[in-house]
Amino acid sequence: MLKDFTNMLLEWNKTGNNRQMPWKGEKDPYRIWLSEIILQQTRVEQGLAYYHRFIDSFPTITDLALASDETVFKLWEGLGYYSRCRNLLVTARHVSFERGGVFPDTYEEIIKLKGIGAYTAAAIASFAFGHPFAVLDGNVFRVLSRYFGINTPIDTTEGKKIYSLLANGLLDFTAPGIYNQAIMDFGAVVCKPRLALCGSCMLSDDCQALKMNCVDQLPVKSKQLRRKTRYFYYFILSYKNQFYIRQRTGADIWKDLNEWVLLEKEHELDPLTTDFNQLLAQLFSGVKGDITGISSAETQQLTHQTIRGRFIHVSLKKPLLSNTGLKLVPRNALKDLAFPKFINAYINAHPL
């Protein structure tokens, strides 16, 4: 059954796989690594444009390593999960400055790099260097779970062990890169999360999920995603065509990105009954300014949390004290700085 699965999958890849992506067949480990990092937690349709922009801006890993953090974060803007971008820079600089720009060529060395886990290491090792390591991403989990009828949760230790053993047992050791790409493509275009193309699937005769009528129930996850709601109130402080911003720090969302003056509350504020002047005065002693506008409620859905809030425009009559930890930036320089999507979406809709 294992051999039949592999052979049929490779046959589909040869005769029926029309999925085109710029990194398919790529042998440059830098480009493979870049594509994999961009596609973590990101749809291919969204990631394509970012991949092209990164390759155009940084043709080599050393070009990326020499770029400033702000430049790279600005290019990454909108992709989210900014820890990926920070890790990207750490690894690029490690490979460029400590390894002479030569990407490691073994799975054992690749997986040691910052931001690279088992899946990405297997992808780079097999695609770039032909090493026999099976990839396990969402597409692969789904295909294997359905075809073999596995209901062990994929996010448990037992599940990960079962799927890892199975994936490596199915691997074509003579062409691991081709096999890995084939099973990922199959999960993306045939064995899809919703509306799987079971009627035209060449593996359907032996698909256990189809026989048991549980295609949409597999794969199983044990952990339910719990989301919390946070309430952000941003004061857009302007003084003589300049704006106060700060860089986010700490172990929280949007680390290293820029933002306006933030007041986070545990509950939603009613703009009709809330004295935002008083709240601003609590943030900065002696502040003098006029509130010129309060936005409607804005929302952004993140994976584990929902951000809701408003933007309060304030025209200052005098600059803030110098010990606020804020930076005063000219209006025309804001476009070069990286902001979270929550802020960018508002700026784009309401230019300053």
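Predicted model: local features only at pLDDT ≥ 70, side-chain atom pairs only at ≥ 80, totals over all residues.
Local features were considered only at pLDDT of at least 70 and side-chain atom pairs only at pLDDT 80 or more, whereas totals for chains, interfaces and linings use all residues. Residues are numbered from 1 along each chain as its sequence is written, and side-chain values use heavy atoms, with hydrogens and water left out.

Helices and strands are DSSP runs numbered from the N terminus (helices: H or I, at least four residues; strands: E, at least two). Helix α2 spans residues 29-39 and is largely enclosed by the rest of the structure, because nine of its 11 residues are buried. Here, buried denotes under 20% relative accessible area, exposed over 50%, and partly exposed the range in between, computed with a 1.4 Å probe on protein chains only. The buried positions of α2 are P29, Y30, I32, W33, L34, S35, E36, I37 and I38. Their cover includes α3 (44-57), α4 (61-66), α5 (69-76), α6 (83-98) and α8.

One of these covering helices, α6, has an axis that comes within 10 Å of that of α2, and the two cross at roughly 160 degrees. Axes are lines fitted to C-alpha atoms, for helices over the stretch in contact, and angles between N-to-C directions run from 0 to 180 degrees. The two helices α2 and α6 are therefore roughly antiparallel; angles under 35 degrees count as roughly parallel, over 145 as roughly antiparallel, 65 to 115 as roughly perpendicular and the rest as oblique. The crossing of α2 over α6 is right-handed, a crossing being left-handed if the near helix is turned anticlockwise from the far one by less than a right angle, and right-handed if clockwise. On the α2 side the contact (heavy atoms within 4.5 Å) is made by W33, L34, I37, I38 and L39, and on the α6 side by R84, L88, T91 and A92.

Y119, S126 and F127 of α8 meet P176, G177, N180, Q181 and M184 of α11.

Aromatic contacts were examined next. A pair of aromatic rings is described by the distance of the centres and the angle of the planes. Rings of Phe, Tyr and Trp (its six-membered ring) pair if their centres lie within 6.5 Å; planes under 30 degrees apart count as stacked, over 60 as edge-to-face and the rest as tilted. By this rule the model contains 23 aromatic pairs. Y233 and F276 make a tilted pair, because their ring centres are 6.2 Å apart and their planes stand at 40 degrees. As Y233 belongs to strand β1 (residues 228-239) and F276 to helix α13 (residues 276-283), the pair ties together parts that are 43 residues apart in sequence. Y233 is buried at 1% relative accessibility, and F276 is buried at 2%.

F243 and W260 likewise form a tilted pair, with ring centres 6.0 Å apart and planes at 50 degrees. F243 lies in strand β2 (residues 242-247) and W260 in the loop between β3 (258-259) and β4 (261-265), so the pair ties together parts 17 residues apart in sequence. Both F243 and W260 are buried. One aromatic cluster is formed by F232, Y234, W254, F311, F342 and Y346.

I291, in strand β5 (residues 289-294), is partly exposed at 28% relative accessible area. Not counting residues up to four places away in sequence, I291 touches F276, N277, I312, H313 and V314. Between I291 and M184 the C-alpha to C-alpha distance is 53 Å, with 107 residues separating them in sequence. S296 is placed in the loop between β5 and β6 (298-301) and is partly exposed at 48%. Leaving aside neighbours within four places in sequence, S296 contacts G309 and R310. S204, in the loop between α11 and α12 (208-211), counts as buried at 18% relative accessibility. With neighbours within four places in sequence again left aside, S204 is in contact with C198 and L210.
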